[in-house]
Amino acid sequence: MSVPPAPEPVPVPAPEPASGSSSSSDSGSGSGPLARERAHLAASRAALRAMRADAEALDIRDVAANWVNAEVLASGIEARIASLADLAHAPLFFGRLDYGHPVGEDTAEADGPHGTSGTGGTGGTRTTGDPDAVRGGEGAPGSGLGPGSGSGPGPGSGSGDASGRTFYIGRRHVHDADGDPMVVDWRAPVSQPFYRASKKDPQDVLLRRRFGYTRGELTAYEDEHLSDPQEAERASALLQAEIERPRVGPMRDIVATIQPEQDEIVRAGLDGTVCVQGAPGTGKTAVGLHRVAYLLYAHRERLSRTGTLVIGPNDSFLRYIEQVLPALGEVAARQTTVEGLVARPDVPVRGVDTAEAARVKGDARMAEVLRRAVRAGVRPLPDEPCVVVRGSRRWRVPAYEIEELVRELLARDMRYGAAREALHQRIAHAVLVRMEQAGEAPDDRVQDAVARNAAVKAVVKQVWPAVDPAKLVLRLLSDAEFLAAQAEGLLTEDEQRAILWDKPPRGVKSAKWSAADAVLVDEAADLVQRTPSLGHVVLDEAQDLSAMQYRAVGRRCSTGSATVLGDLAQGTTPWATESWEAALEHLGKPGAVVEELTEGFRVPREVIAYASRLLPVIAPGLTPATSVRESPGDFSVRRADGTPGDGDLDHLVVDACRRALEHEGSVGLIAADARVPALRTALEAAGLPFLAPGEETSATVRLTLVPATLAKGLEYDYVVLDEPAAVVAGEPDTRTGLRRLYVSLTRAVSGLAVVHAEPLPAALSDGHEGEWSGGHDNEDQGGREDARLDGPGRGPGGDGSSTALTGQSV
């Protein structure tokens with residue numbers, strides 16, 4: 001059933017100070033609903049500044065018992081001060097809930113932060129001079145006022161007490177001088193109905209109010225009376241405006257626009273691992289980041305001890321998302337790539353594998369090859385018995401008994417290093433047994449001393465030699481006979497030849513390690529000594545990981561949990577996973593819940609429909625995404641008249657970039673890696689300034705030149721896609737190339753222009769090239785326009801409104 005459009009949100013003509021100034025909806029009185037909401041915003045900001053000043057004024061000189069405690073306390077205070085920053089681009093609150101009954105202290109913020117983001121009380125939110133908040137809010141049921149209209153009596157009128165009924169929902173908790181909350185954290189239980197309540201299930205919410213901001217100023221609000229059966233359910237105009245809002249700069253949070261299905265994932269428990277299969281534009285990355293923020297709020301004490309980690313596909317992606325968590329008041333989560341996760345000083349990555357070598361090195365079978373290799377040096381039977389001299393006595397442990405100890409440890413399948421240390425103690429214990437039989441009374445200190453005896457060390461070194469992970473992998477990839485012995489029955493001869501180095505290096509320092517080699521070294525290191533586990537790990541773009549990379553990540557959350565994010569259709573590596581079940585098995589989290597997000601909030605309808613033509617070839621089992629965007633988008637396919645390589649294509653691409661830059665927002669020029677140098681030259685010759693991926697756009701430079709291999713996870717208001725056939729040809733096989741093309745096609749938020757000289761890939765054109773023309777196919781700037789579909793104007797004010805919710809689209 002379709003939902004009718006929402007009424008226009010109540011606006012003001014222009015941004016005004018939040019001090020109760022008049023607006024058109026305030027009838028010029030300066031005391032209308034919007035003015036009162038602005039006054040509450042101003043008071044909340046003042047309260048936040050006071051909270052930060054209190055934190056900065058803390059004196060711990062006479063509190064800490066020693067310098068270690070002082071450092072810990074100082075670090076905590078610094079984190080507290082950082083979390084209380086008043087960010088100009090992130091308004092303190094974005095919504096308001098008016099409940100039908102008071103919400104008690106036990107439920108309002110019961111799961112509140114434990115530690116530095118603590119709450120300061122749980123009663124109802126204090127309002128600043130807003131008597132309607134006492135009565136349940138302007139336009140409440142029974143007032144006779146429509147959504148967003150003026151004030152009037154409502155439920156509770158005359159009670160004179162708003163305690164526990166009205167809550168402003170924001171990015172962080174803010175309280176007044178008495179400790180009463182003025183803004184409630186979006187992660188608190190009392191805030192949950194803001195995301196999940198509906199006309200069918202109002203959850204005791206009388207009024208849900210969304211606020212719109214323009215350049216940081218509160219300029220509009222929109223009301224939903226969820227408990228009023230007379231009011232029809234409507235789509236949110238402010239929510240739609242936020243989805244359509246241009247993107248400039250790094251990724252923004254979506255805290256104001258989280259959808260019910262996303263909120264269920266965000267608030268899932270800490271103990272379970274969740275896997276999210278999300279089509280382009282469904283908000284899976286944002287969901288993962290907000291899940292981190294929620295878990296840090298609900299389980300702060302536990303995660304402060306065990307740690308959290310966000311793993312992204314590349315450094316450009318990490319720079320793109322790095323401001324989301326700080327905007328939500330969380331500065332403790334670490335971010336890295338898989339390469340950074342397994343990086344070691346003795347294994348600098350300087351080489352590149354062939355596709356086949358990388359595929360074999362990433363195969364799960366390599367784990368068993370390495371396990372065999374680590375234990376290959378163990379010799380259960382020593383050359384001679386172990387003789388320990390203590391004072392005038394000599395204690396002898398025969399070789400056969402040492403062999404029994406070694407075989408017992410091998411059978412237990414302990415980690416190599418732990419078993420080696422245990423062997424020292426086992427031999428020492430055998431000596432102590434003989435001492436006791438001789439009438440002595442040794443204690444644990446004697447056993448430790450015997451374990452450190454030179455004779456014991458010599459025997460252990462012979463039968464259970466120490467293993468250096470990097471040297472082991474070096475030998476495995478350099479010594480054909482050693483590799484053949486460890487890979488017998490696991491790898492074919494062709495696979496063994498694929499991973500052997502053509503010219504073995506002289507040593508670890510001179511080796512040209514590849515990224516896949518570093519993962520092998522990490523696996524070997526874990527076989528020797530257990531990798532420490534974190535409390536929670538978020539893994540984004542997980543579909544591109546190999547089995548060995550999954551194992552590397554899994555080791556970092558072996559005793560914790562994980563949130564796995566990805567899209568099987570966007571797997572662009574030769575070893576990309578075919579199913580989430582297999583991936584979760586390699587991660588060490590079999591049986592984890594797999595959630596699917598198919599409603600797109602970023603990619604326009606026509607663009608996602610065009611890109612979805614590739615799904616039957618690249619991921620036939622996946623459900624095509626649907627877009628909730630009202631705007632179909634600005635979409636065109638243009639073909640150069642000349643032949644590939646004669647320069648006409650470059651001119652057409654530059655022209656498409658100029659056209660895109662006429663609109664508001666960011667522009668991404670995505671091209672095959674091999675085409676980037678030529679396009680860089682063409683842009684420079686045309687005088688168009690541009691950025692590299694990860695560099696922040698500005699008002700003067702909004703164009704980014706993006707190699708297709710780095711486009712994953714990024715988004716731009718307008719995308720110009722250069723030569724799809726070259727994107728496909730740049731990959732080792734057709735399926736991977738088409739997946740890379742699918743990724744590139746789905747980076748657009750408002751418009752996509754495909755420019756090509758070579759024929760489009762068959763899976764994309766499918767014999768229908770031109771069906772998107774919207775009724776015209778004409779000559780344009782020296783190029784033939786195969787198809788074009790223009791959506792509503794996207795320039796400043798082109799959608800008829802400059803008002804949007806704060807935050808990023810979902």
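These legends walk through several close-up views of the predicted model shown above.

The model is predicted, so local features need pLDDT of at least 70 and side-chain atom pairs count only at pLDDT 80 or more, while totals for chains, interfaces and linings use all residues. Residues are numbered from 1 along each chain as its sequence is written, and side-chain values use heavy atoms, with hydrogens and water left out.

**View 1. The whole chain, for orientation.**
The chain holds 31 helices and 23 strands; helices (H or I, at least four residues) and strands (E, at least two) are DSSP runs, numbered from the N terminus. Of its 810 residues, 56% count as buried, where buried means under 20% relative accessible area, exposed over 50%, and partly exposed in between (1.4 Å probe, protein chains only). Among contacts with a separation of 6 or more, 76% are made by residues 24 or more positions apart; a contact means heavy atoms within 4.5 Å.

In soluble globular proteins, nonpolar side chains tend to be buried together. A nonpolar core here is a set of buried Ala, Val, Leu, Ile, Met, Phe, Trp, Tyr and Cys residues joined through side-chain atoms within 4.5 Å. The largest one has 170 residues, and W186, W464 and L745 touch the most other members. Leaving aside residues up to four places away in sequence, W464 touches R375, V378, V406, L409, L410, Y416, A419, R420 and L423. A second, separate core has 23 residues, including V653, V667, A682 and L705.

**View 2. A six-stranded open sheet with mixed pairing.**
The strand order is β3-β4-β2-β1-β5-β6, and two strands pair if DSSP finds at least two bridges between them. At the edges are β3 (174-175) and β6 (217-224), each of which pairs on one side only. Within the sheet, β2 (residues 166-170) and β4 (residues 181-185) run parallel and are joined by two bridges. To spot this pair, look for I169, which stands opposite V184 in β4. Helix α1 (residues 33-56) lies across β1 (93-99), β2, β3, β4, β5 (205-214) and β6, and runs at about 120° to β6. For such angles, axes are lines fitted to C-alpha atoms, for helices over the stretch in contact, and values run from 0 to 180 degrees between N-to-C directions.

L207 belongs to strand β5 and counts as buried because its relative accessibility is 0%. In sequence L207 and D223 are 16 residues apart, yet their C-alpha atoms are 6.6 Å apart in space. E224 sits in strand β6, and it counts as buried because its relative accessibility is 16%. Not counting residues up to four places away in sequence, E224 touches L206, L207, R208, R210 and E231.

**View 3. Two loop residues with positive phi.**
Q203 is in the loop between α5 (192-196) and β5. Its phi is near 55°, a positive value in a residue other than glycine, and its relative accessible area of 28% makes Q203 partly exposed. E541 lies in the loop between β12 (536-539) and α23 (547-555). Phi of E541 is near 50°, again positive in a residue other than glycine, but E541 counts as buried, at 3% relative accessibility.

**View 4. A six-stranded open sheet with parallel pairing.**
Here the order is β9-β8-β12-β13-β7-β14. The edge strands β9 (334-337) and β14 (593-597) each pair on one side only. On average, neighbouring strands of this sheet are turned by 15° against each other, direction ignored. Four bridges link β8 (residues 308-312) with β12 in the parallel sense, and L309 stands opposite V537 in β12. Helix α8 (residues 284-298) packs on the sheet, where it touches β7 (274-278), β8, β12, β13 (561-566) and β14, and its direction makes about 165° with that of β13.

**View 5. Helix α14 crossing helix α22.**
Two packed helices are described by the angle between their axes and the distance between the axes. For α14 (residues 365-375) and α22 (residues 515-528), the axes come within 10 Å and cross at roughly 50°. The two helices are therefore oblique to each other: angles under 35 degrees count as roughly parallel, over 145 as roughly antiparallel, 65 to 115 as roughly perpendicular and the rest as oblique. The crossing is right-handed, which is the case if the near helix is turned clockwise from the far one by less than a right angle, and left-handed if anticlockwise. At the contact, M366, A367, L370, R371 and V374 in α14 meet L520, E523, A524 and L527 in α22.
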